[in-house]
Amino acid sequence: MNLSETNSFIKKENQFMPVASRFHNENKLVKLNDSELDKRLSGDGIAMEVGPFSVNVLIKFKNVREDFLKIYRDFPFYDEPIVLDHSISVFGRNLFRQYLRPQAFVETEMNNDTIPLPAKIGMVSLEMGFNWQVAMGCKQYLMFHAGVVARDGIGLIMPAMSGSGKSTLAAGLSFRGWQLHSDEFGLLDLDAGELIPYPRAVSLKNQSIPVMKEWVSREHDNYEDYFTPAYPGTPKGTICYLRPPDQSIEEMHKRTKPNFVILPIFDPNSEPKIRPITKTMAFFRLVASSANYGDIGERAFSSIAKIIEESFVCEIIYPSLDTAVELVEAFIAEHSDPKKAGQDDG
Amino acid sequence: MAIMPSEELINKSAVYHVVNTADFLWTSFEDSNILYDPASGHTQVLNDFAREILDLLEDGPKTVSHLFSEFEEIIEKELDPDLKNKIVETVINFDNMGIIEPV
């Protein structure tokens, strides 16, 4: 089989067939039996639905397929021909790299500048491929480097730099009743002004891994089932992936308008506190967090201006996940009527 | 080293005008005004003082001396050197941002 064939944006057979509906797709990967899943994932790949994107996933390494299914088993797939947004293949570039000193190379439809990783941490390559394609290729949605969650009509954006704990906080909230949109990529529909869920594997690093295991174990006896193995020795240290809560996957197409922007700052030595910020500061933090603000231009400016006008904004400084969740919920409770959103200045 | 007054950093005879005034997008929060310039793709924040200067330049091309005069009319008194320096610095910043240019 030629890999370039598997990466075609149109799944073969009859590209003129109607495109399958991207909504209410009931075909979940878990419904396929193990051998069928293995055959398809390692063969031509499986076209699946991840948030607003359709993506063909092909994985040549068995251990990576197992880890992948731990996270994505409840995601929908397409049996019909579908126009694909993305395509990801993880494979060894030659027999030596496939069997003797296996190395996972990731190929996407973008320029592939990623460094191959040892196959035993090939799941990291796969997730890097997902991130790469969205970060480089997504121009139809305004994108924020932010954790995003939603609940009861409240759309919360948490823009932050790497290391601020935004993934842990977004995941923590999602295991306490919030819908996880993303721990990494906030997506905004520019026409509707709505946040689009893009729930994927939550990337946990180093000290956040035991924190989240303890957090999930409080609600789920089978908590280990939500986590992949830990992958030591990556450029970011040890990484472990967490499956989004089942409800967040079920609600993958449930959109929410944003009305809260909270800037999280993790400081293990601080007292937990909510600090007011100006809307101007929140505006520029959203601009700075957006990877495609410059590409989209005027509509991006107007959309962020509208978000900030209609949102309550603050900064939280927190020493632990428990205190972070308390601070977020306290701030939102104080301004919980969405109709009031935007009437105060932070 | 002596600090050069801002007035000496600018050509007082240069007439400045706003480059793309009709295309600017604006939004305002609290005491700041945020401008998006589609020509450069840059987003700038202006305080009320800078916004006032840009408004005067949007009314028509002006030299820095003209701006001094108009400001003196607005505040109904002679400008002190500090305020003149602030006006000049603001004009220099606008020029650097690319939102005004000499005619």
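This is a predicted model: local features need pLDDT of at least 70, side-chain atom pairs count only at pLDDT 80 or more; totals for chains, interfaces and linings use all residues.
Local features need pLDDT of at least 70 and side-chain atom pairs count only at pLDDT 80 or more, while totals for chains, interfaces and linings use all residues. Residues are numbered from 1 along each chain as its sequence is written, and chains are lettered from A and ligands numbered from 1 in the order in which they are written.

**View 1. Chain A meets chain B.** Here 13 residues of chain A are in contact with 11 residues of chain B (contact: C-beta atoms, placed from the backbone, within 7 Å). Helix 9 (279-289) and helix 11 (298-309) of chain A each give two or more residues to this side (helices, H or I, of at least four residues and strands, E, of at least two are DSSP runs numbered from the N terminus). Helix 11 of chain A gives the most, with 5 residues.

**View 2. Helix 6 of chain A under cover.** Look at residues 166-174: 9 of the 9 are buried (20 or more other C-beta atoms within 10 Å of a residue's own, with C-beta atoms placed from the backbone). Among them are Lys166(A), Leu169(A) and Ser174(A).

**View 3**

**View 4. The partners of strand 4 of chain A.** Strand 3 (residues 86-91) of chain A pairs with strand 4 of chain A in the antiparallel sense over 3 bridges (pairing: at least two bridges found by DSSP), and Phe91(A) stands opposite Phe105(A). Strand 5 (residues 117-118) of chain A also pairs with strand 4 of chain A in the antiparallel sense, over 2 bridges; there, Gln103(A) stands opposite Pro118(A).

Note on methods:
Two residues are in contact if their C-beta atoms, placed from the backbone, lie within 7 Å. A residue is buried if 20 or more other C-beta atoms lie within 10 Å of its own, exposed if 12 or fewer, and partly exposed in between; C-beta atoms are placed from the backbone.
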